[in-house]
Amino acid sequence: MSKMAADEPLEVANWVRERVLGSGGFGQVTLWRHKTKDEMIALKKCRTGTDAILTEKHKERWSKEVEIMQRLNHPNVVKAIAVPPDLAVLRSKLPLMCMEFCSKGDLRQVLNRSENCCGLCEAEVRSLISDVKSAVQYLHSMKITHRDLKPENIVLQQEEDRIVYKLIDLGYAKELDQSSICTSFVGTLQYLAPELFMSKTYNYSVDYWSLGLVSHEVITGVRPFLPNMAPVSWMTHVREKSSDDICAYKAEDGTIVFSKELFLQNHISSCLKCYVEKWLKLLLEWDAAKRGRILNRNKELQIVVFDLIEDILSKKIINVFSVPSYQNLSYEIDDSTAVSTLQTWIERDTRIPVQEQELLLSSGQPFDISKEACQCWVPQTLNNQNVNTMVYVYHRGSLAIQNFAPSVPQTVSKMMEEPRNKVEFVHQKRAWAHAVFFLQQEMELYHAFLQAYRVKMLHVISSNAKLNEQTQAVVSHLQQVEAQLQLILESLHFDEDQAKKIGFFSEEVMHSWSKMNASVGRRIAKLKEIVSQLESKCDVANGKTMDLQRNPYTKMADHEVLMSLLEEGQKRYDSLRRRPKENRYEQTDNVEMVKIVYNCLKHRDKLLRDKTFNAHLQQVIDVQMEIEQLWNPLNSSVQVINKVQMELKQTQLDRQHDIWLQMTQDSCNGFTVPRDLTKSHAVYRPVVITTSQPLSTSMSIDNREDKTEILVPTSEHSFTEPKQFRLTASSVQPALVSNDQAYRDPPEQMSVSLSNSQCDSSAMIDYNVSLRYATQDLMNESFQHYRRVLNEDQSLDWAFLEKQD
Ligand SMILES: Nc1ncnc2c1ncn2[C@@H]1O[C@H](COP(=O)(O)OP(=O)(O)OP(=O)(O)O)[C@@H](O)[C@H]1O
């Protein structure tokens, strides 16, 4: 325990000192917990024992930090809170600083974990860059430069389901007015911008440099510029770099290599990597005047670092795992990217021809090719930054891996070639970090492969469910058609019986009826046979799918071997990294690490070539094929059933038409239903038809008082209460009806209204239509026959007959 913590009481009133959170240059941060309230605070205190030797500058820095912190209010800057009155006793000559406690440690601790030796995962990188950028942007907007941006000064807080990164330690922060350029220098050397280091003038862009360094480190696990050298040494080299260089490292032969790209051993997608490289070029610009800026249209340098990274992080980058090539790919899409475009990119990178690709979403749903590729995009919100948009691509009809070649980093291959070769500590450490990266990558790839298998299973299960549903729909549709056939046959038999009794129809006509129905009946029987075969095939596929579900590949636990190899590799790396500085000169060989990598390669091969697993994968594909093959015949039987149903309906309509025609002809001696009328009355069902008196006998025309009335008699056979309908031909010109001569020049149309209240409006409409014919016929033929048709629902329809030529 440090001196200061030991000096401090363990308890003050209701507060208990839990532990030291960290110590810096002259301060110490301790964690205090309230005994009864659920409250934890971080208390930063100047080293009391050293108060005496604090310079005025230090005191000024300390007071400034407290003052600045209390003024700030941003989610990514740690919050200063009032010192609880009980703890005020801890105050020395300088003020105490009380802050919200960020429970997940600082970024240095995160980066020190062996699993992060080649950087953090993409979601964490995104979240960190976004949070730190917001904090820096906020400080700059408050005219404050942090000047000491480094992993130790970024703390992690758990908020809801995400980690929030927050800046602490504004001890070196300086407020700059518009043109202020400060010549004082303080700060931590490794992350320090060159101009600060060289005690030159500086401005906000010192924070860009540090942000670039931190970002590079969270992506790759190492600082960009000669990370194993002291700043004085590396800066002399790095000042020679071109504007595009974003890292420099010492090769084993001692030469210094500059690179415009990030190291390949990182966990971000290739798409994001390309964009971030462009951003880092701006941040890691040596010349402070140009750093973070680009020339705008007016040839002025404009700060773009914040907007640029915001734009980069908002890009829709999707990750694709390709089963055949056993690799992770990434693509940037936008709202208008067509699925076919995505497929051509995949073809370019995997060599799977577009038409042989099968793209599935994590849910097992296939891509809808009619929609855009962004259908797979999971919007990134603050709380789902860990959700990557994943797409799985398969070679149609196969789940086999076609490319088994592992991608071993060069440093690791070299180590494997000569495991007993001893190299400098820094190179060994890097090679071991790459070995850990390789083990992680293999673990991730195998995990993605198992995920692709699960996604395929989900797809097969859901296709099978859809097939079952559709088969059931087809079966029940066919049953309906069968029932319709039964009904129509019954009606046919009834009609035949009736027709025979009345002697209405010729044998020929009746034969044609039963022939039509028999033919449809035969087709239905055939369809039944086909559908029942499909149903049993579907049952078989169903059974197989259930089998797959009941017995999924159970040896998935095998990936635990990969997991334990990874853990072993990380442990070895950790012990190498922690080797005391004085022992770093005695070089050790790489045999142990090489063994782990070799075992991983061996196990990987065993897993991927495992016969049982591959047989199981083949079964999954076979079932998928079986299901897919049933869709075509099933869809065509749907079409055939629809067609047969139409035909069946037609047989009924045809017979009705025959009945109508025959009865009309029979009862009206050569009169037939007018063609137009037949059309408009095509819905007539065979109903009770009563032949009426000819119009001539009982129709009277009354045109007294300029009112024309046509009195139409009803037949006693069709109405329970026979009565006369009074029809008023209101629009008929009196002359037309009053003068017999006028019939020779009939109006085109005569509109009449039915005055009988019992008639509903639909009957009236029918009547109006009918009367037009009647009137024309009346005028052409003087008198016409008409028919009254009583529907089953007792509504009245009228059919007037015109004389056949
Ligand atoms: N609010 C906090 N919540 C959790 N941990 C914290 C908090 N503040 C500081 N720490 C821990 O304490 C460490 C030291 O804090 P800080 O950097 O503020 O001290 P310092 O004395 O100013 O250091 P420096 O030498 O960088 O100036 C941090 O690296 C972090 O691990």
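A residue counts as buried when its relative accessible area is under 20%, as exposed when that area is over 50% and as partly exposed in between, with a 1.4 Å probe and protein chains only. The model is predicted, so that local features need pLDDT of at least 70 and side-chain atom pairs count only at pLDDT 80 or more, whereas totals for chains, interfaces and linings use all residues. Residues are numbered from 1 along each chain as its sequence is written, and side-chain values use heavy atoms, with hydrogens and water left out.

**View A. Phe449 and Phe613 form an edge-to-face aromatic pair.** Rings of Phe, Tyr and Trp (its six-membered ring) pair if their centres lie within 6.5 Å, and planes under 30 degrees apart count as stacked, over 60 as edge-to-face and the rest as tilted. The structure holds 11 aromatic pairs; in the one shown here, the centres of Phe449 and Phe613 are 5.7 Å apart, with 70° between the planes. The two residues, 164 apart in the chain, belong to helix α12 (residues 425–502) and helix α16 (residues 611–668), respectively, helices being DSSP runs of H or I with at least four residues, numbered from the N terminus. Both Phe449 and Phe613 are buried.

**View B. Tyr453 and Phe613 also pair edge-to-face.** The centres of these rings lie 5.8 Å apart and their planes stand at 80°, so the pair is classed as edge-to-face. Tyr453 in helix α12 and Phe613 in helix α16 are 160 residues apart, and their pair links distant parts of the chain. Both Tyr453 and Phe613 are buried, and they belong to one aromatic cluster together with Phe321, Tyr326, Tyr446 and Phe449.

**View C. Charged side chains sit over the rings of Tyr275 and Phe404.** A charge sits over a ring if NZ of Lys or CZ of Arg is within 6 Å of the ring centre and within 35 degrees of the ring normal. The charged end of Lys315 is 4.7 Å from the ring centre of Tyr275, while Arg609 lies over the face of Phe404 at 4.0 Å from the ring centre.

**View D. Domain 2 and domain 4 are in contact.** In an automatic or database domain assignment, domain 2 spans 107–313 and domain 4 spans 410–664. Between them, 15 residues of domain 2 contact 15 residues of domain 4 (heavy atoms within 4.5 Å). The count between these domains is one salt bridge, a term for a side-chain nitrogen of Lys or Arg within 4 Å of a carboxyl oxygen of Asp or Glu.
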